[in-house]
Amino acid sequence: MPSLDFTLPHWAYWLGLILFPLAAMWLARRPKPDRGRYSLPLGYMILVTGGLIGLHRFYLKSLLGLVFIPIFGFILYANGAASDARSALSDANNTIRVAERTLEREEPRVKTALADLEELRADVEAAEEGSFAKRSAERQLERAERRIETGQARIEEARTELEAMRPVAAEVSERRAFWNNAAAYAFYLILALLAVDALLLPAMVRRANAEIHEEPISEAEKALAALEAQERKEDIEHVTRGWTGWIDRLSLYAGEFVSYWAVIAVFVYYYEVIARYVFNSPTNWAHEAMYLMFGMQYLIAGSYAMLTESHVRVDVFYAAMSSRRRAIVNLLTSVFFFIFAGTLLVTSYIFAFDAIAAPSGNSVVSDWARGQTGFFEMLSRITLSEWTDPNIRWGEISFNEWEVPLWPMKWVMVVGGLLLVLQGVSKIAQDVRTVVIGAKTLKEAD
């Protein structure tokens, strides 16, 4: 099988986290057609991303997509067999290398010991009986004979292993090559089928659209549409009037923005699975990229969770209170929230600033963060190369081979803390409004 050596560029990672949600939010707000139709661009996207298992055919309700599944299954099986053969070949080669090193080490030792053996025996015969020289010569002779015996045993064992493992290594190597070639040929067959389908796709989409018939909407579809409309209505209902509404909308849009990152995770992990199990080329960036992304998503979505009250809390007593009493309780307990949110904001700012000022940073911004240059001097020295030169690092980087810069993630922590503080201010304003309105209502009732 051909291998994949693609490594996601750092700029593509950060730019994708910004542009993809914006495009998704725009697409979600487009007016939907009254009649659902098959889309040619969507068909090509499915062909590129899921064509290996015929998903583009299933999208157009063509059962010929079933042809792709056994071929893809054979690729997985062949890759598994090749992987097993590679492990067996590695074990055999390791045994052969150990045996060869044993022969290289022991044969000269045994040869030298055999050459010295006659001289040692002569020293024993020549030494006076019972003398210290006699005992010393006998010990040297015993050590030489023991060394020869042990070395000859090791040499014999190494030769036996070489005789046994060399045919095994050759057989396993042939088996690995066979399964690699079989997987490659099956992959080329799928590529040929995909090339044909890429040419046929426009006609397939037209035919599928021509076969669409008007059907009454089922009760399940009506219930699903009502549920979606209710969820959209519930989110917008949390947006208040006045100046606090601006903060609420900001939290709402921030939550919607990072929610589309979950779609990015689907594509990235799909690529990782295909690269690992189809091309035997696991990536060194997919896991860390998604690990950082989900951490940032958690921080940014905090204000959205607070706005929509979707976080976990125990409200056994709180739920039974009136809205005015709940507002009073919120005001009394808000001090604990602001201790947490303020600490998060301040410590995140410290972390973010330290990330830029890290010794690994050689950009002008890092020099400024370390106090080596002034602010305006830093601005005057920023050029396009500061953003495009791979040799320039803006501070802290990850420890794996991908070496992604970590300072953007640290600054997202600051943004998440700021959004949380702003949403807390909006919540306090709403609670004060509720208490004041409730007091006026009670006064008018009296």
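Helices (H or I, at least four residues) and strands (E, at least two) are taken here as DSSP runs, numbered from the N terminus. The structure is a predicted model, in which local features need pLDDT of at least 70 and side-chain atom pairs count only at pLDDT 80 or more, while totals for chains, interfaces and linings use all residues. Residues are numbered from 1 along each chain as its sequence is written, and side-chain values use heavy atoms, with hydrogens and water left out.

The chain as a whole comes to 14 helices and zero strands. Its C-alpha trace spans about 130 × 65 × 55 Å along the principal axes. Of the 446 residues, 37% are buried, where buried means under 20% relative accessible area, exposed over 50%, and partly exposed in between (1.4 Å probe, protein chains only).

Aromatic rings come next, with 20 aromatic pairs in the structure. Rings of Phe, Tyr and Trp (its six-membered ring) pair if their centres lie within 6.5 Å; planes under 30 degrees apart count as stacked, over 60 as edge-to-face and the rest as tilted. Phenylalanine 187 and phenylalanine 279 form an edge-to-face pair, because their ring centres are 5.0 Å apart and their planes stand at 80 degrees. This pair links distant parts of the chain, 92 residues apart: phenylalanine 187 belongs to helix H5, and phenylalanine 279 to the loop between helix H8 (261–277) and helix H9 (286–308). Phenylalanine 187 is buried at a relative accessible area of 7%, and phenylalanine 279 is buried at 10%.

Another cluster of rings, joined by ring pairs, holds Phe6, Tyr13, Trp14, Tyr271, Trp285 and Trp402. Two of these residues, Trp285 and Trp402, also touch threonine 7, which is in contact with Asn284 too, leaving aside its neighbours within four places in sequence; contact means heavy atoms within 4.5 Å. Threonine 7 lies in the segment before helix H1 (10–28) and counts as partly exposed at 36% relative accessibility. Threonine 7 and tryptophan 402 are 395 residues apart in sequence, yet their C-alpha atoms are 7.9 Å apart in space.
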